[in-house]
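Here are my notes for you to read next to the picture. Take them one point at a time and find each spot as you go.

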Amino acid sequence: MKESDALKQAQGGDKRDTPPKKTGNTYDPAFAISEQDILIAARESAIAKIVVGIDGNDLMLFINFTWRSGRFHLVTKRNTEEPRRFKSADRFITYM
């Protein structure tokens with residue numbers, strides 16, 4: 001699978017959503033969201049949609065909010081430049 005095809009699949013292909021902007025080989029940090037922010041948004045019922053993206057064998061988590069347009073990507077504390085990647089479905093399910 002080409003990187004561009006994997007990116008389209010990861011972004012879900014919904015025309016109404018603004019996908020994370022790519023700058024070079026990285027995602028736009030303005031569309032990064034931490035685990036803590038997702039928990040707060042869930043508590044406030046501010047999550048409109050959760051999308052699981054697939055890039056090769058990696059799984060990624062993308063979030064759409066009710067209050068802001070665009071698709072945000074889950075990041076780690078160490079790396080806010082790219083989405084957090086789960087190497088296996090088992091790890092992803094355990095995380096969820």
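**Notes on the pockets and a few residues**

1. Let's start with the largest pocket: H2 gives the most to its lining, with 4 residues. Keep in mind that this is a predicted model, where local features need pLDDT of at least 70 and side-chain atom pairs count only at pLDDT 80 or more, while totals for chains, interfaces and linings use all residues. Residues are numbered from 1 along each chain as its sequence is written, and side-chain values use heavy atoms, with hydrogens and water left out.

2. What else lines the largest pocket? The list is Glu35, Ile38, Leu39, Ala42, Ile47, Ile50, Leu61, Ile63, Tyr95 and Met96. Helix H2 (35-43), strand E4 (47-55) and strand E5 (58-65) each put in at least two residues. A pocket here is an open set of points on a 1 Å grid over the protein atoms alone, where a 1.4 Å probe fits, with protein on both sides within 12 Å along at least five of seven lines; lining residues have an atom within 4 Å of a point.

3. The volume of the largest pocket is about 190 Å³, counted as the space filled by probe spheres set on the points, which are joined across faces, edges and corners. Sorted by class, its lining has 9 nonpolar, no polar and 1 charged residues. (Ala, Val, Leu, Ile, Met, Phe, Trp, Tyr, Cys and Pro count as nonpolar, Asp, Glu, Lys and Arg as charged, and the others, Gly among them, as polar.)

4. Now look at the second largest pocket, with about 150 Å³ of space. Ser34, Glu35, Gln36, Val75, Thr76, Lys77, Thr80, Arg84 and Tyr95 line it. This lining splits into 2 nonpolar, 4 polar and 3 charged residues.

5. Zoom out to the whole chain: there are 3 helices and 6 strands, running α-β-β-β-α-β-β-β-α from the N terminus. Helices (H or I, at least four residues) and strands (E, at least two) are DSSP runs, numbered from the N terminus. Of the 96 residues, 33% are buried; that means under 20% relative accessible area, with exposed over 50% and partly exposed in between (1.4 Å probe, protein chains only).

6. Isoleucine 50, one of the residues lining the largest pocket, is in strand E4. Buried or exposed, or something in between? Isoleucine 50 counts as partly exposed because its relative accessibility is 46%. Not counting residues up to four places away in sequence, isoleucine 50 touches Leu61, Phe62 and Ile63 (contact means heavy atoms within 4.5 Å).

7. Two aspartates deserve a look. Aspartate 28 sits in the loop between strand E2 (26-27) and strand E3 (32-33), and it counts as buried because its relative accessibility is 17%. Its side chain reaches the backbone nitrogen of alanine 30 at 3.0 Å. Aspartate 58, in strand E5, is buried too, with a relative accessible area of 13%. The side chain of aspartate 58 makes a polar contact with the side chain of lysine 87 (3.5 Å). (That is a pair of N or O atoms within 3.5 Å; within protein, one must be able to donate a hydrogen and the other to accept it, and residues adjacent in sequence count only if both atoms are side-chain atoms.)

8. Last stop: serine 45, in the loop between H2 and E4. Its phi is near 55 degrees, a positive value in a residue other than glycine. Serine 45 counts as exposed because its relative accessibility is 61%.
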